[in-house]
Amino acid sequence: MSKKEERKEVDEREVIPLLNPYKMGNFDLSHRIVLAPLTRSRSYNFVAQSHAVLYYSQRATKGGFLIGEASGVSPTAQGYPNTPGIWTREQLEAWKPIVSAVHEKGAIFFCQLWHAGRVSNSQYQPDGEAPISSTEKRLRKDIGNNKATADRYTTPRRVRTDEVPELVNDFVIAAKKAIEAGFDGVEIHGGNGYLLEQFLKDEVNDRDDEYGGSLENRCRFPLQVVKAVADEIGADKVGIRLSPFADYNDCGDSNPQALGQYMAQSLSEVGILYIHLIEPRMVTQFDKFHTKWSLTPIRKAFKGTFIVAGGYDRSEGNEAISSGAADLIANGRLFLANPDLPARFELDAELNEPDPTTFYTHHPVIGYTDYPFLHHI
Ligand code: PHB
């Protein structure tokens, strides 16, 4: 290639906002396309399996940023079969080769720390006990739709005030384990109706202690988790995922804008690396709806990196980056189905269609590592 052609290639790259480099704290990212945290249900006995090495390394690029699937922080954290954990030595060791493979490709890899709270069933709980939550109210509808699932979730046990520090500590221990496994940092799952959100949102949180009632009180436990994890591993290695506008898993709030802004301001004070927000249009996890809400005030309230998720295609992603609405775009379904998504976006190439029937099946290859690449690598 002549010097002139090389320059032309670089110039063209620069006009694709999604392909512009970005400095996220201490991490030098070569593009803006993030692998969203995706539950793939390919773990066994809550231990990540070796087929995840290929899955994640297929999606890793030099300077790319990957967020791992939700990983339980303690024995009470699980809500589904075949999701991984990060609370035992065996679980930690299982993550090591997966993280190494991602690092070999030059990507940055965060572990998502998760507690399902009441989105669970006693069958996933130690000794068949009730799942824990901020409340004793049982989940009435399934994720993102109104299908009645009263039989799927067990009525939760409300955690006592004096148990909360232990829950905070579970996140701290899991974060330490994630770092020991080699992850570059952690994302705390504060969205989608799971435990932290069961405290944040007033349609679920009905506590009368210091963790319920006012906005400040409802945000107390999630903020304690974030601060404690940041104190342990460094705020520069901590992000959080939030979905104030969604009501997935029967977890809505009467004033999501105030909730989002209060969290953004408080998290800014802690100085964490990023907030990862689910777009208000994702009222369900599958379709985009028009809503009156906007992420702009939340973006303005937060000093760090702002990642958005919510069915972004190439042109919407480019628009969000070029307008300054977001720093990075997390892609779930498109990245699941297109392991070489950054290359495809760069070339504006055709995309593979995701197959929802294999999102959560357990096969180590089908629907997991068999989506084709543009060029065989
Ligand atoms: C989610 O964030 O929606 C989520 C997390 C963990 C799961 C499934 C879904 O196992």
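Reply: Let us begin with handedness. A crossing is left-handed if the near helix is turned anticlockwise from the far one by less than a right angle, and right-handed if clockwise. The model shown here is predicted. In it, the crossing of α2 and α3 is right-handed.

Me: What is the angle between α2 and α3, and how far apart are their axes?

Reply: Two packed helices are described by the angle between their axes and by the distance between those axes. For α2 (residues 51-58) and α3 (residues 89-104), the angle is about 25° and the axes lie 8 Å apart. Angles under 35 degrees count as roughly parallel, and α2 and α3 are therefore roughly parallel to each other.

Me: Which residues make the contact between α2 and α3?

Reply: From α2 come Ala52, Val53, Tyr56 and Ser57, and from α3 come Trp95, Pro97, Ile98, Ala101 and Val102. By class, eight residues of this contact are nonpolar, one is polar and none is charged.

Me: Which residues of α2 are buried, and against what do they pack?

Reply: Ala52, Tyr55, Tyr56, Ser57 and Gln58 are the buried residues of α2. They pack against α3 and against the strands β3 (33-35), β4 (65-72) and β5 (108-114).

Me: How does α3 pack with α4?

Reply: The axes of α3 and α4 (residues 164-181) are 8 Å apart, at an angle of about 40°. Arg89, Leu92, Trp95, Lys96 and Val99 of α3 meet Lys177, Glu180 and Ala181 of α4. This contact has four nonpolar and four charged residues, with no polar ones.

Me: Let us turn to the strands. How many strands form the barrel, and in what order do they run?

Reply: The barrel is closed and has eight strands, in the order β3-β4-β5-β8-β9-β10-β11-β12, with parallel pairing. On average, neighbouring strands are turned by 25° against each other, direction ignored.

Me: How many bridges join β9 to β10?

Reply: Strands β9 (residues 238-242) and β10 (residues 274-278) run parallel and are joined by four bridges. Within this pair, Arg241 stands opposite His276 of β10. Helix α6 (residues 215-233) packs on the sheet, where it touches β8 (185-190) and β9, and its direction makes about 175° with that of β8. Helix α7 (residues 256-270) also packs on the sheet, touching β9 and β10, and its direction makes about 180° with that of β9.

Me: May we finish with single residues? Is Gly72 buried or exposed?

Reply: A residue counts as buried under 20% relative accessible area. Gly72, which lies in strand β4, has a value of 0% and is therefore buried. Beyond its neighbours within four places in sequence, Gly72 is in contact with Ala77, Gln78, Pro84, Gly85, Ile86, Trp87 and Trp114.

Me: Where is Gly311 found, and which residues does it contact?

Reply: Gly311 is in the loop between β11 (305-309) and α9 (314-322). Its relative accessibility is 32%, so Gly311 counts as partly exposed. Apart from neighbours within four places in sequence, the contacts of Gly311 are Arg281, Met282, Lys288, Glu316 and Arg333. Lys288 is 23 residues away from Gly311 along the chain, and their C-alpha atoms are separated by 7.4 Å.

Methods. Residues are numbered from 1 along each chain as its sequence is written. This is a predicted model: local features need pLDDT of at least 70, side-chain atom pairs count only at pLDDT 80 or more; totals for chains, interfaces and linings use all residues. Side-chain values use heavy atoms; hydrogens and water are left out. Axes are lines fitted to C-alpha atoms, for helices over the stretch in contact, and angles run from 0 to 180 degrees between N-to-C directions. Helices (H or I, at least four residues) and strands (E, at least two) are DSSP runs, numbered from the N terminus. Angles under 35 degrees count as roughly parallel, over 145 as roughly antiparallel, 65 to 115 as roughly perpendicular and the rest as oblique. Contact means heavy atoms within 4.5 Å. Ala, Val, Leu, Ile, Met, Phe, Trp, Tyr, Cys and Pro count as nonpolar, Asp, Glu, Lys and Arg as charged, and the others, Gly among them, as polar. Two strands pair if DSSP finds at least two bridges between them. Buried means under 20% relative accessible area, exposed over 50%, partly exposed in between (1.4 Å probe, protein chains only).
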